[in-house]
Amino acid sequence: MAQHGYETGRLNLPFVGISTFGKRPYVADWTKIEADVAVMGAPFDFGTQFRAGARFGPRAVREASTLFSFGHAGAYDHEDDATYLPESVRIVDIGDADIVHTDTEASHANIEAGVRAMLKAGALPVVIGGDHSINIPCIRAFDDQGPIHILQIDAHLDFVDVRHGVRHGHGNPMRRAAEKDYVEGITALGIRNVSSTAKDGYEAARAMGDDILSVRQVRRLGTEGVLARLPEGARIYVTIDIDGFCPSIAPGTGTPSHGGFLYYEVLEILQGVARRHEVVGIDLVEVAPDYDPSGATQILAAQVLLNFLGFIFHARSTREG
Ligand SMILES: [Mn+2]
């Protein structure tokens with residue numbers, strides 16, 4: 001170590017440099033992903049039925065994620081007495097899927113190609129939206145991955161079949177997922193208030209195996225009670241709509257709905273899922289940063305993702321050894 005307290009190399013504080021996710025390496029060539037986790041942006045918001053703006057979600061979440069990237073060796077958590085995300089967990093940022101304005105199918109196809117590339121590389125895919133319709137191409141990319149169960153955290157059920165011919169908007173993704181033979185079930189947490197889905201949508205969702213819980217029902221059950229409802233041994237894909245959280249902590253979204261989750265309610269469920277299940281994919285959607293001048297919404301999103309990744313790889317290392 002040098003004298004006078006100076007150390008060699010760069011300090012690289014969070015506000016310095018290029019905002020990749022977690023300040024991790026950027027991999028532009030999708031045929032050369034070598035990582036445990038690959039993060040991709042899906043800046044698509046033509047699926048919205050109210051306020052647009054989630055196309056700026058990936059950039060905002062990336063920038064917010066630098067706050068948690070001080071470059072020390074992992075993140076030590078004194079409550080768990082565990083160091084999460086040590087250097088040995090290789091995270092890369094593969095940039096964004098290309099979005100073609102007005103063309104949902106072309107944009108979704110590009111998102112699907114990105115998820116397929118991450119899966120082919122053996123990396124855990126993490127996709128930052130974009131509106132919730134970007135879950136549709138994400139789930140499509142799992143058609144050769146074996147059965148999955150979806151854990152949805154959301155204010156809205158998103159189970160509309162078709163409305164005015166629209167089948168791939170942000171009100172449709174869970175319906176499209178439920179139609180896949182490799183999607184064995186959906187557990188939807190946080191569903192509340194006037195919703196994107198009418199009563200017939202709820203009936204169809206239940207008939208197709210959707211377990212629907214409101215925020216108050218989740219609170220009554222508690223973390224363990226909720227976790228017990230997930231099928232044992234299921235491989236879990238987690239889709240987090242930021243509007244599942246309370247707008248008091250996450251106002252930066254197109255369709256906020258009061259009475260949502262607080263941070264630890266979701267975090268503890270995700271920690272339990274990471275301990276008990278193989279997590280095969282993650283998307284986090286509907287961060288529309290322009291509605292939150294404080295930036296707290298994207299900080300929440302980045303914090304949830306980084307902590308969840310920490311739990312997943314900590315559980316993996318515990319299981320392996
Ligand atoms: Mn949603």
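Q: How do you know which residues and atoms count here?
A: Residues are numbered from 1 along each chain as its sequence is written, and side-chain values use heavy atoms, with hydrogens and water left out. As this is a predicted model, local features need pLDDT of at least 70 and side-chain atom pairs count only at pLDDT 80 or more, while totals for chains, interfaces and linings use all residues.

Q: What makes a residue a protein donor of the manganese ion?
A: Donors are N, O and S atoms within 2.8 Å of the metal (3.2 Å for Na, K and Ca); water is not among the atoms, so sites may look incomplete. His 132 (ND1), Asp 154 (OD), Asp 158 (OD) and Asp 241 (OD) lie 2.1 to 2.3 Å from the ion, and they are its protein donors. Along the chain their spacing reads H-x21-D-x3-D-x82-D.

Q: Why can His 132 and Asp 158 be said to tie parts together?
A: His 132 sits in the loop between strand E5 (124-129) and helix H3 (135-140), and Asp 158 in the loop between strand E6 (148-153) and helix H4 (173-178), so the pair joins parts 26 residues apart in sequence. Helices (H or I, at least four residues) and strands (E, at least two) are DSSP runs, numbered from the N terminus.

Q: What about Leu 85: buried or exposed?
A: Its relative accessible area is 10%, so Leu 85 is buried. Leu 85 lies in the loop between strand E3 (82-84) and strand E4 (91-96). Leaving aside neighbours within four places in sequence, Leu 85 has contacts (heavy atoms within 4.5 Å) that include Arg 24, Ile 91 and Leu 306.

Q: How do you know that the span of helix H7 agrees with what it should be?
A: The expected span is 1.5 Å times one less than the number of residues. For the 14 residues of H7 (263-276) that should be 20 Å, and the end C-alpha atoms are 20 Å apart, so it agrees.

Q: What makes E6 and strand E7 (residues 183-189) a pair?
A: Two strands pair if DSSP finds at least two bridges between them; E6 and E7 have six, in the parallel sense. Leu 151 stands opposite Thr 187 in E7.

Conventions:
Buried means under 20% relative accessible area, exposed over 50%, partly exposed in between (1.4 Å probe, protein chains only).
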